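Please consult the sequence and the structure shown here while reading.

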There are 2 protein chains.
Amino acid sequence: MKMLEERIRAEGKLMPGNIVKVDGFLNHRVDVALLRALAREFKAHFKDRRPTLIMTVEASGIPLATVCAEEFGVPLLFAKKAKSDNIEGGLLTSEIMSYTYNKKVKLIVSGEWLSAKDRVLIIDDFMARGEAMRGLKKIIAQAGAELVGIGIAIEKGYQGGGDGLRADGIDCYSLAIIEESCGESIRFR
Amino acid sequence: MKMLEERIRAEGKLMPGNIVKVDGFLNHRVDVALLRALAREFKAHFKDRRPTLIMTVEASGIPLATVCAEEFGVPLLFAKKAKSDNIEGGLLTSEIMSYTYNKKVKLIVSGEWLSAKDRVLIIDDFMARGEAMRGLKKIIAQAGAELVGIGIAIEKGYQGGGDGLRADGIDCYSLAIIEESCGESIRFR
């Protein structure tokens, strides 16, 4: 998606270790008008999949997933990363490695809000190795629900997560795929 | 707000220890159409305050704060609860007690996205003792920004957080204030 690629080039900061920071508009300070444009693009791509539920993982995927849920007119369900007093009963869980925080994290969803009738579209802001996606995929399978697609704002193509999911036959649609960041420049797939 | 009170009565689950669970529509599975109605109510109340930024704390405040940011046409900035690789530089921090997780938590905001020119409206899904609000208030003060109001979906009136903020002269507007939950019934202020 041209608009997102241009925004990444204009405002993304290239850091050592092939890291591209977009905390000024996507995952810390958030440009909600941009999210609306991204959500419309996901709607155009996934509308025939007729999702009944948008899922994401807390925290930085939530703004985009919220706007997407409104576009599709379905509820949002976000997996928690720690047990709180606010969810309970028939918990669905999956352990993943979080490279952002460099530790193992347990994803938790209440079984009450995810059923075999659900057609789930996963939305997230970022994908690198695809750990969070694999965690959600397991949780969706535990509930007997159907995963109808994965929509990602920015995929780090060189970390292989998206290609692994596509090889599994999943409709994984990323709006910007960074193939390489080198010195001052970013190359998109 | 009548609509929210009715939804809490219809779908909220009363738990031991005066806990009202609303994880089916507010803070785990999220009814985004409801959030849009709540955000419009906040817009009507706070529009003369002319906020330049909506702030909240990850994670469960983010959906409502996202929709509010879109209503006001300003960016969203959410405080993180742990240091990630994705924010840096001039961090503003504040330590609070999280009663949801029963531990101390550090709120973190990048100083890059909050300045003395900002007029900040805080939005959150829940308020009990008001710890998160006090943490954000400190961070806003560190940046020299102005706190123009606090909008809360559900306040637990009997835990005193909102009244403390109002006593400090803050325009703290809660859409439903639970005064008491007892047996099968909830009494709103």
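## Contacts along the chain

In this predicted model, 60% of the contacts in chain A with a separation of 6 or more are accounted for by residues 24 or more positions apart. Chain A contains five helices and eleven strands.

## Overall dimensions and burial

The radius of gyration of chain A is 16 Å, which agrees with the value near 16 Å that a compact globule of 189 residues would have. Along its principal axes, the C-alpha trace of chain A spans about 50 × 35 × 35 Å. Of the 189 residues in chain A, 50% are buried.

## Packing of helices α2 and α3

Two packed helices are described by the angle between their axes and the distance between the axes. In chain A, helix α2 (residues 32–46) packs with helix α3 (residues 62–72) at an angle of about 50°, and their axes are 9 Å apart. The two helices, α2(A) and α3(A), are therefore oblique to each other. The crossing in which α2(A) passes α3(A) is right-handed.

Which residues of α2(A) and α3(A) meet? From α2(A) come A:Val32, A:Leu35, A:Arg36, A:Leu38, A:Ala39, A:Arg40, A:Phe42 and A:Lys43. Their counterparts in α3(A) are A:Pro63, A:Leu64, A:Val67, A:Cys68, A:Glu71 and A:Phe72. The residues of this contact of α2(A) with α3(A) comprise ten nonpolar, no polar and four charged.

How values were computed. Residues are numbered from 1 along each chain as its sequence is written. Chains are lettered from A and ligands numbered from 1 in the order in which they are written. This is a predicted model: local features need pLDDT of at least 70, side-chain atom pairs count only at pLDDT 80 or more; totals for chains, interfaces and linings use all residues. Axes are lines fitted to C-alpha atoms, for helices over the stretch in contact, and angles run from 0 to 180 degrees between N-to-C directions. Helices (H or I, at least four residues) and strands (E, at least two) are DSSP runs, numbered from the N terminus. Angles under 35 degrees count as roughly parallel, over 145 as roughly antiparallel, 65 to 115 as roughly perpendicular and the rest as oblique. A crossing is left-handed if the near helix is turned anticlockwise from the far one by less than a right angle, and right-handed if clockwise. Two residues are in contact if their C-beta atoms, placed from the backbone, lie within 7 Å. Ala, Val, Leu, Ile, Met, Phe, Trp, Tyr, Cys and Pro count as nonpolar, Asp, Glu, Lys and Arg as charged, and the others, Gly among them, as polar. The radius of gyration is taken over C-alpha atoms; the globule rule is 2.2 Å times the number of residues to the power 0.38. A residue is buried if 20 or more other C-beta atoms lie within 10 Å of its own, exposed if 12 or fewer, and partly exposed in between; C-beta atoms are placed from the backbone.
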